[in-house]
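Please read this briefing beside the structure shown below.

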Amino acid sequence: MAQAGFVFFYPCLLAWCYVLAPAAAAWAADAAAGERKAGICVACHGAGGNSTNPTVPSLAAQPPLYIYYQLLQFREKRRNDAQMSPFATNLSDGDMRDIAAYYAAQSPQPAVQPSNPAKSAAGKRAADRHHCGSCHLPTYAGQNHIPRLAGQQYDYLLRQLRGFKAGIRPDIDGTMASAAQPLSDADIENLAHYLAGFK
């Protein structure tokens, strides 16, 4: 019986090693160099990573490991986007660590979000029911390879959650794809309202 448990646990352990191994390297990155390398990013992600485009995510205060892994996925073609994929193609691992360190150090600014108190309240109930704060933290600030959701663009959140549910949004470890399956479209809309307006 103990052997069977180990067989199940071992692949999970390897997966977490894959996810967390570069963490120390990301922390040792050069944020000043990252600012220079991220100069082109301002056009879409906004000054200091605070997006003003509803369909483009804010990067300010995202965990560095999260940004690093998203850039890695674009570079390795595990995620595809007309703007991001060409940009990431020529990034070295060091470039990605530097850019991640820069954005992680920026202060998030509140974006203009839709205001619907009833939907936000329903979104909080859905977040509590599905334990969203257990991975994204109760403050929704994110951690390790898990993104900050607090104050993120509403339209972006909506699209990503629908993508996870439909299985078209790549996921590093499958956690979000699995977590999105029980969500109704109303849940997704309510969650996006709640998280976009989260202070």
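Cys44 has its closest cysteine sulfur in Cys41, 8.5 Å from its own sulfur, which is too far for a bond. This is a predicted model, in which local features need pLDDT of at least 70 and side-chain atom pairs count only at pLDDT 80 or more, while totals for chains, interfaces and linings use all residues. Residues are numbered from 1 along each chain as its sequence is written, and side-chain values use heavy atoms, with hydrogens and water left out.

**Cysteines**
- Cys44 is partly exposed, with a relative accessible area of 37% (partly exposed lies between buried, under 20%, and exposed, over 50%, with a 1.4 Å probe and protein chains only).
- The sulfur of Cys135 lies 8.8 Å from the closest cysteine sulfur, that of Cys132, again too far for a bond, and Cys135 is partly exposed at 32% relative accessible area.
- A search of the whole structure finds zero disulfides, a disulfide being a pair of cysteine sulfur atoms within 2.5 Å.

**Helix H7**
- Among the buried residues of H7 are Asp95, Asp98, Tyr102 and Tyr103.

Key. Helix = DSSP H or I, 4+ residues; strand = E, 2+ residues; numbered from the N terminus.
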